[in-house]
Amino acid sequence: MKNVSVKLGRPVNVNSKRQIRLKELELKRKNGTLKRGRPVNENSVRQKELERKEFNRENGIELRGRKVNPLSVRQIRLKELEEKRKNGTLKLGRPKKVKVEDSNEVVNK
């Protein structure tokens, strides 16, 4: 017995419309000129919004989320903590239990 290689499957017609289109697509892929997906309309509202957001992000004026109230109790506390961190006076860890003596009886807080 001889080992004869037989081409399996249907024969391909090289001149068919499909094969010609597939060759053109392969050439465009190699050249990098293949366009895929839906084209972008540069004048659409969404594209203008994306451009505005990109501009704001680059210039550091991106406004996202809720505005911070600098006079709130939480923000004041965060400022104080930040100042203590800068000064090096911030103690790390849990604070010690405070013992208060009141008329011979020790009360723990």
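Is Leu-8 buried or exposed? Leu-8 is exposed, with a relative accessible area of 76%. Here buried means under 20% relative accessible area, exposed over 50%, and partly exposed in between (1.4 Å probe, protein chains only).

## Basis

This is a predicted model: local features need pLDDT of at least 70, side-chain atom pairs count only at pLDDT 80 or more, and totals for chains, interfaces and linings use all residues. Residues are numbered from 1 along each chain as its sequence is written, and side-chain values use heavy atoms, without hydrogens and water.

## Overall form

The protein chain has three helices and two strands. Their order from the N terminus is α-α-α-β-β. The radius of gyration is 36 Å, well over the 13 Å that the globule rule gives for 109 residues, so the protein chain is more spread out than a compact globule. That radius is taken over C-alpha atoms; the rule is 2.2 Å times the number of residues to the power 0.38.

The C-alpha trace spans about 110 × 60 × 25 Å along its principal axes. Buried residues make up 2% of the 109 residues.

## Helix α3

Helix α3 covers residues 73-87. Helices (H or I, at least four residues) and strands (E, at least two) are DSSP runs, numbered from the N terminus. At 1.5 Å a residue, its 15 residues should span 21 Å, and the end C-alpha atoms are 21 Å apart, which agrees. The expected span is 1.5 Å times one less than the number of residues. Gly-88 follows α3, with a positive phi near 85°.

## Before α1

Leu-8 lies in the segment before α1 (17-31).
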